[in-house]
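Please study the sequence and the model before reading each solution.

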Amino acid sequence: MKDIDEVSITQAVLAANRSGNPRLVKIMESLVKHLHEFAREVELTEEEWHQGIRFLTETGQMCDDKRQEFILLSDTLGLSTLVTALNNRKPPGCTEATVFGPFYVEDSPVVENGGDIANGARGIPCFVSGTVRGLGGEPVAGAEVAVWQSDDEGFYDVQRAGLDHLQGRGRVRTDATGAFHFRSILAVPYPIPYDGPVGRMLQALERHPWRPAHLHFKIEAESYERLITHIFRSDGPYLDSDAVFGVRSTLVSNWTSHPAGIAPDGSELDQPYYTLHHDFVLNRC
Ligand code: BEZ
Ligand code: FE
């Protein structure tokens with residue numbers, strides 16, 4: 001294999017790649033073709049190539065078990081939303097999926113219905129209720145509803161250095177009627193972490209890092225497809241300019257504000273609070 005030029009390089013790489021795994025062959029073939037075509041299309045300079053390598057190196061160096069800079073890169077390039085869309089085609093009537101994000105934690109606290117998932121996270125009280133049903137309207141009993149959210153300063157617990165317990169996340173189960181409810185705090189808009197290479201990329205592209213206020217849900221039940229989604233606040237900014245392109249209009253919900261008084265759980269609150277009710281519909285496997 002000699003005298004490879006700017007055209008024949010693509011075929012040369014494809015011919016060199018071999019594997020008994022047909023899926024790997026397909027993915028690498030397409031990746032190499034598109035990567036080469038991209039370089040040809042923009043006439044990539046050597047300086048730009050170096051800059052790209054430096055950017056990816058810094059992105060990797062920024063990653064640890066708490067900071068997922070590559071996920072942020074995928075999110076801000078729209079790749080996460082594209083992959084979510086490709087893998088979550090559902091019949092009309094099902095709750096739509098959206099991006100997972102980097103702040104999910106396995107094995108978050110199990111909370112009884114009515115319990116407080118804020119667990120010390122600061123914010124305006126918010127009482128969340130909902131149901132989980134199948135497309136035929138049947139209640140899904142025993143579904144695990146995992147929830148996670150930021151505090152009133154826009155930080156997830158995993159972003160708080162020195163915090164020794166989980167906050168603003170938990171798992172409840174639906175009852176026999178498919179219903180669940182819990183206490184938490186009001187979701188607020190927040191910027192995705194922007195003190196790294198992805199933040200510099202956003203700045204260079206004149207983009208802001210903000211996400212509209214939302215609550216994350218992961219709902220799992222036997223015989224139904226897993227649902228990973230958010231519910232967004234209809235009364236906040238950035239619904240039309242989410243930094244990670246995750247908003248679906250069917251996921252925007254009204255969060256109702258209430259004056260101080262008796263809360264849905266019967267407690268007396270001396271400050272205003274919010275309520276949110278949302279009904280989720282799962283697709284059968
Ligand atoms: C989130 O909503 O938690 C999130 C999603 C994408 C990037 C950063 C954060
Ligand atoms: Fe989030």
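**Exercise 1.** What volume does the largest pocket have?

*Solution.* The model is predicted: local features need pLDDT of at least 70 and side-chain atom pairs 80 or more, while totals for chains, interfaces and linings use all residues. Residues are numbered from 1 along each chain as its sequence is written, ligands are numbered from 1 in the order in which they are written, and side-chain values use heavy atoms, without hydrogens and water.

Step 1. A pocket is an open set of points on a 1 Å grid where a 1.4 Å probe fits, with protein on both sides within 12 Å along at least five of seven lines. Its volume is the space filled by probe spheres set on the points.

Step 2. For the largest pocket, this volume is about 950 Å³.

**Exercise 2.** Identify the element that gives the most to the lining of this pocket.

*Solution.* Step 1. Lining residues have an atom within 4 Å of a point; there are 23, and Phe38, Gly52, Phe55, Leu56 and Leu77 lie nearest the centre.

Step 1. Helices are DSSP runs of H or I with at least four residues, strands runs of E with at least two.

**Exercise 3.** Describe the site of the iron ion (ligand 2).

*Solution.* Step 1. Donors are N, O and S atoms within 2.8 Å of the metal. Tyr156 (OH), Tyr190 (OH), His214 (NE2) and His216 (NE2) coordinate the iron ion at 1.9 to 2.1 Å.

Step 1. Along the chain, the donors follow the spacing Y-x33-Y-x23-H-x1-H. Tyr156, in the loop between β2 and β3, and His214, in strand β7, are 58 residues apart.

Step 2. Both Tyr156 and His214 are buried, that is, under 20% relative accessible area (1.4 Å probe, protein chains only).

Technical notes. Donors are N, O and S atoms within 2.8 Å of the metal (3.2 Å for Na, K and Ca); water is not among the atoms, so sites may look incomplete. Buried means under 20% relative accessible area, exposed over 50%, partly exposed in between (1.4 Å probe, protein chains only).
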